[in-house]
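Welcome! Please take a moment to look over the sequence and the fold below, and then we will walk through them together.

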Amino acid sequence: VFYRARLTRNGKRKPATTTPAAPDAGPVLSANALYREFKQDSNAALGRYAGKTLVLEGRRGTLIPLSDGGAAIHIADGFTSRALVLSFGDLSEVDGISENEQFRFRCTVESFDYLYVHMKDCSILR
């Protein structure tokens, strides 16, 4: 199609025919950018994100198997040892992700304590 009319036959504009984007499509917030927001002003960031489920992207750090069968993943911010701590309900969900691998995940922001952003109910987006 070389030309697509923007008006209908009676001279009115055509309605937009865009489909809504999937919730996981588009630009994704960086886990490091989120951590820097909390580090800069934790009260404002908690007000903005506490209890909200976010889709983020980051590099997998240390994997800690938990006694309840779940797992915790640490995502560091560069050379800073403190950053995000992700809690997963099932260890097998995170087995396929190797250390330093970039991955997308969905988590709910729980709290910001001792310079760590704690996130719960996490799942990997594939």
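This is a predicted model: local features need pLDDT of at least 70, side-chain atom pairs count only at pLDDT 80 or more; totals for chains, interfaces and linings use all residues.

Strands β3 and β4 pair in the antiparallel sense, over three bridges. If you look for I64, you will find A72 of β4 standing opposite.

## A helix across the strands

Now turn to D77, which has its place in strand β4 (residues 71–77). Is D77 buried or exposed? D77 counts as buried because its relative accessibility is 8%, and buried means under 20%.

D77 forms a salt bridge with R36, with the closest N and O atoms 2.7 Å apart. This pair links distant parts of the chain: R36 belongs to helix α1 (residues 31–40), D77 to strand β4, and they are 41 residues apart. Leaving aside neighbours within four places in sequence, the contacts of D77 include N32, Y35 and R82.

## Other salt bridges

The whole structure holds four salt bridges. In one of them, R104 and E57 meet at 3.5 Å, N to O; R104 is in strand β6 and E57 in strand β2, 47 residues apart. R104 counts as partly exposed at 30% relative accessibility, and E57 counts as partly exposed at 28%.

R60 also forms a salt bridge, with E99, the closest N and O atoms being 3.8 Å apart. R60 lies in the loop between β2 and β3, and E99 in the loop between β5 (80–88) and β6. R60 is buried, with a relative accessible area of 10%.

Terms used. Residues are numbered from 1 along each chain as its sequence is written. Side-chain values use heavy atoms; hydrogens and water are left out. Helices (H or I, at least four residues) and strands (E, at least two) are DSSP runs, numbered from the N terminus. Buried means under 20% relative accessible area, exposed over 50%, partly exposed in between (1.4 Å probe, protein chains only). Contact means heavy atoms within 4.5 Å. Two strands pair if DSSP finds at least two bridges between them. A salt bridge is a side-chain nitrogen of Lys or Arg within 4 Å of a carboxyl oxygen of Asp or Glu.
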